[in-house]
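Here are some notes on helix packing and on the chain contact, for you to check against the coordinates.

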Amino acid sequence: MLNLDYGFVNWAFIQSFIAKGFWFSIQLTLVSMVGGILLGTLLAMMRLSSHRWLSAPAAFYVDTLRSIPLVMVILWFFLLIPKLFGPIGGQMSAFITFTLFEATYFSEIMRAGIQSVSKGQVNAGYAMGMTYGQTMRFVVLPQAFRNMLPVLLTQTIVLFQDTSLVYAVGEYDLLKGFEVAGKNFNRPVETYLMAAVVYFVICFGLSQLVRRLQKKIAIIR
Amino acid sequence: MSWDWQFYCNDTATGETIAGCFGPGGREQTYLQWMLHAWGWTLTISLLALLLALVVGSIVGIIRTAPNKWLAGFGEAWTELFRNIPLLVQVFLWYYVLPEFIPVLKDPDLKTLLVICALGFFTSARVGEQVKAGIQTLPRGQRYAGQALGMTLPQTYRYVLLPMAYRIVIPPLTSESMNIVKNSAVAFAISIPELAQFAQQASEETAHFEEIFIPVTLLYFISAFAINRVAKFIEARVRIPGTVGAK
C-alpha cells in the first residue's frame, strides 16, 4: 500500500505553484462566461430571426463548433489566432478561444430562454409602441435571462471544468500548477489527488448554490 | 494559402513517398495509415466507453429511483463525484493515481482500459441522470400497477418502468453518445494514439497544420454523426405507440 506524503504542502507551495494557475483559471472562466453570454445572446437572437441571412450563419456557427471536440477547437484557434491577430500571447488566445466556443453553448441556453417567454409578452411590447430592439431589451431578454439563470450558472461550472483543457496547449492553469508542483516535489500522486479535491470542492459547492437559487426562483414563478 | 496533401503518402520515419500511400511496413507506416489507425483508436475508445457508460449509468439511474435510502444515496454520491471533477483530471486519476494503489494496473498494456474507464465512468453520471429523469417522468401509477399485479420490485422495473423509460430518454442519450466521441479526445493527455494526439504530433512533425486538422475535424464529425444516425434509427424503431413522436 502506498504512503501519501503531504509534507511539502505549505503556504509557500501554494503561493509559488497553485495561486498563479488558479488565478488564470478563474480569469478564463469569468471572461469567457461574460463574453460567452453576451455573444451567445446575440447568436440566439440571430438564430431566432426570420431573416435567413441572419439565422443561417448563426446556426452554422453554433452547430459546427458544438460538434467538434474542445481539444480540437483549442488546437485550431491556437493555430489561427496568431495568423489573424499576430502574436498576442497564449493567455489572450485562451480568452478568445473559450469565449467564442462557450458562446455556442450559452447561445443554445439563451435560445431556449427566449423561446420560453410567451408570445403575448412580445405582442404586448409591440402594442406599447416599442421597437424590436426595445421589446427585446426591456421585455423578453430580462425574463429569458432570469428563467435561464440556473442553467447559465450550471454551464459556467462546466466551463470552469473545461478550462482544464488548456493543458493541450500548455497554458499554466490550476491543473497545470498541480502537475508542475508534482513533478517538482516528485509527488505526482499527491498533487493529482489534491487537484481532484480542489476541483470537486469548487464545482460541488457552486452546484449546491445553484440548486438553492433554483429553488428560490421556482417559488417566485 | 497553398495546401500540400502529398505528405500523407510519406513514410513517417524516413519521409520518403510511398507509392499507393499504403506501405507494407504495417499500420502506421505512412501518415495516411497513421491517421486511419488513430481514427480506429478514437472509435474503439468511444464505443467501449459508451457501452460502459450505458451499463453503469443505467444501474446508477435505477438505484437513484429505488425506495431504499442507502442505495439512492449511493447513486447520488456517485453522480456528484463523477460530475464535479473535470474529465482530464479524472483521466489523470485513473492513469497516475489508481495504479499506485492497485499495482497490477501499472502494466502499460492496460493504459487503454484505464482511459475507457475514465471516459465511461465520467459519462455514467450523465447517463444515470437521464435514466433517472426518464423513470421519474412516468406516472407513479405505473409503478403501483406493477406492484398491485403482484410483481416484485425488480420485475416492475424490468417489465413496466424501464421499457418505457429507456424509450423516453433516447434523445438525450443520443447527445451523450455523441459527446463521448468528442470527449475521447482527452485521451491525448496520456499519449493514446487517437485522433487528437495524431493531430498534435503529426502537425508538429510535418508543419502541415491545416492539412492535418481539417481531415481530423471531419473524422470527428463523421464519427459523431454516424452514432447520431444509428440512435435515430433505434429511436424510430422503438417509438412508443400513441405518443406525440409516434406515427
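1. A caveat comes at the outset. This is a predicted model.

2. Start inside chain A. Helix H1 (residues 11-48) of chain A packs on helix H7 (residues 174-185) of chain A, at an angle of about 155 degrees and with the axes 7 Å apart. Angles over 145 count as roughly antiparallel, so H1(A) runs roughly antiparallel to H7(A). Their crossing is right-handed.

3. Next, the residues of that pair. H1(A) brings A:Phe13, A:Phe17, A:Ile18, A:Lys20, A:Gly21, A:Phe22 and A:Ser25. H7(A) answers with A:Leu174, A:Lys176, A:Gly177, A:Phe178, A:Val180 and A:Ala181. By class, this contact has eight nonpolar, three polar and two charged residues.

4. Now the contact between chains. On chain A, 26 residues are in contact with 27 residues of chain B. Helix H3 (70-85) and helix H8 (188-220) of chain A each supply at least two residues of the chain A side. H8(A) gives the most, with 11 residues. The chain A side has 22 nonpolar, four polar and no charged residues.

5. One helix pair spans the two chains. H3(A) and helix H9 (residues 209-237) of chain B have axes that come within 11 Å and cross at roughly 155 degrees. H3(A) and H9(B) are therefore roughly antiparallel. H3(A) passes H9(B) in a left-handed crossing.

6. Which residues of H3(A) and H9(B) meet? From H3(A), they are A:Met72, A:Leu75, A:Trp76 and A:Leu79. From H9(B), they are B:Phe209, B:Phe213, B:Val216, B:Thr217 and B:Tyr220. The class count is eight nonpolar, one polar and no charged residues.

Key
Residues numbered from 1 in each chain as written. Chains lettered and ligands numbered in written order. Predicted model: local features only at pLDDT ≥ 70, side-chain atom pairs only at ≥ 80, totals over all residues. Axes fitted to C-alpha atoms, helices over the stretch in contact; angles between N-to-C directions. Helix = DSSP H or I, 4+ residues; strand = E, 2+ residues; numbered from the N terminus. Parallel < 35°, antiparallel > 145°, perpendicular 65-115°, else oblique. Left-handed = near helix turned anticlockwise from the far one by under 90°. Contact = placed C-beta atoms within 7 Å. Nonpolar A, V, L, I, M, F, W, Y, C, P; charged D, E, K, R; others polar.
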